[in-house]
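Work through the exercises below with the model open. Each task is followed by a stepwise solution.

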Amino acid sequence: MIKLLILLVIVVGVIAVAQLAKVYRLSATLRDKREEDISEADTKLQGSLFIVFMLLLFGTTIWQIVRYGYCMPPVASEHGVDYDTLMKFNLYLILFVFFLVNALLFIFANKYRYDKNRKAYFFPHDNRLELIWTVIPAIVLAVIIIYGLRTWIDITGEASEDAIKVELFSRQFDWTARYAGDDGEFGVTNFNTITNSNPLGIVTAEGIKEVIAINDADIAKLNEALAFERGHLLDEEASIIALLHPEDHGHGHDSHGDDHGDDHDHDSHRDDHSDDHGEHHEDNHSDHHEMTAEHKAHLEHRLHEVKEMLASNKVTILTEGSYAAKEDQIYKLQRRNQRLIELESFNFSEDLNAWDAGKDDKLIKGEFHLPVGQEVEFVFRSSDVIHSAYMPHFRAQMNTVPGLPTTFKFTPTVTTDEMRVQQGDPEFDYILLCNKVCGAQHYLMCMKIVVETPEQYENWLSELKTFPNINTGNNFVIN
Ligand SMILES: [Cu+2]
């Protein structure tokens, strides 16, 4: 509300100034002066206003720097220090240029304001000046770029061999951390094996069987819904009856079905049938005689079945659209099963270890731990959309992209306990955030990070249950 009022005041203020300027112009015309004839007092006023504006600009800039400072939380990683140095180097340079250029701009505008006793000095060209203001910025920019690139290459370089591996898996809307377990190797993953109990899609022989069983059950359920569809059953019933009793062609389906049971018992009807046919229905003659007894029995059996199905409580009524959608679903599930079967046969023959690697992996939601002073290599994966793993205290941020694993490495330098003392805040915690607006509950996507001594870390890790268990840590409390 207050903000709206302030905005309104500003808008009204701007309109008022514009109107005043118009009045001034009109009155100048009335006083018989030309618009560009400006009095000495006016020129002086305008010149002084340049200085006032400059002071306001510098004042608010300095106030912001004092009020908000560097805008980053305390640093807690090795490369974070280099990162901050680079950032500050650029910031100071930019601020220096900002103050210098703006001071020159406003002070000169005031100093060289119009003076009828002064004649402008004609200064068309100077090679030395051109050279100075080309070469100096070129050198400064080269320094900025080379220094920045070197730091960037350092930060994004490959992790060392003995780095601890942690996978951060994102989905709407939570994070799961994965540790490789005793073998130091992550189990193979495949999105086809993702289930509620296996959100990361870690591949194991049991997991594949489980997913195939789930898919088969779904396929069976869908097939049943299709098989018991009322419209299709009625059509089938009508067509069987038509095949069995061609002489009744032309009768309405409904009356046919109703009459049938009442008037004839099956055996006698069948006898009548062939006689009738020979006499009255020349067109269908050959067809009818070709139908074997076996075929006929089969049709009758099916007819009986269809009638029972129609009478059962499993009957479904589907629109053409939802019938087709269910068929499509079945097709997709069958295709997924096919891929799982291929996965199974391919990997088992190639490399058995890849399958076992997943069995000692450790999954945890809510929080994850890191040992201080040891390099950690993160592998990021995403199941649905692009998220961004942001760990501000460690100056680390990386997009997590579906289908494309990304990496980032850093070495934590300050434990959570040390940082609590340093900050004088016993509640302090490091945090992992999603830094990409990824959906309605994006703001919920965070995880607590605990940095501790290597011994504490080993203890914590050894107490985690292995896959397929998913451990739950204490979630970060959002204030
Ligand atoms: Cu997200």
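**Exercise 1.** Which residue in β2 does Phe-169 stand opposite?

*Solution.* This is a predicted model: local features need pLDDT of at least 70, side-chain atom pairs count only at pLDDT 80 or more, and totals for chains, interfaces and linings use all residues. Residues are numbered from 1 along each chain as its sequence is written. Phe-169 faces Thr-176.

**Exercise 2.** Place the strands of the open sheet in order.

*Solution.* The order of the 6 strands is β8-β5-β1-β2-β3-β11, with mixed pairing. β8 (406-410) and β11 (470-472) each have a single partner strand, so one side of each lacks a neighbour in the sheet. From one strand to the next, the twist averages 25°, using axes fitted to C-alpha atoms and angles from 0 to 180 degrees between N-to-C directions.

**Exercise 3.** Describe the β6-β7 hairpin.

*Solution.* Strands β6 (residues 387-391) and β7 (residues 396-400) are antiparallel, with 5 bridges. Tyr-390 has Gln-397 as its bridge partner. The two strands are separated by 4 residues. In the turn, Arg-395 has a positive phi of about 55°.

**Exercise 4.** Which residues does Met-391 contact, leaving aside its neighbours within four places in sequence?

*Solution.* Count C-beta atoms, placed from the backbone, within 7 Å. The partners are Ala-396, Leu-432 and Ile-449.

Terms used. Pairing = 2+ DSSP bridges. Contact = placed C-beta atoms within 7 Å.
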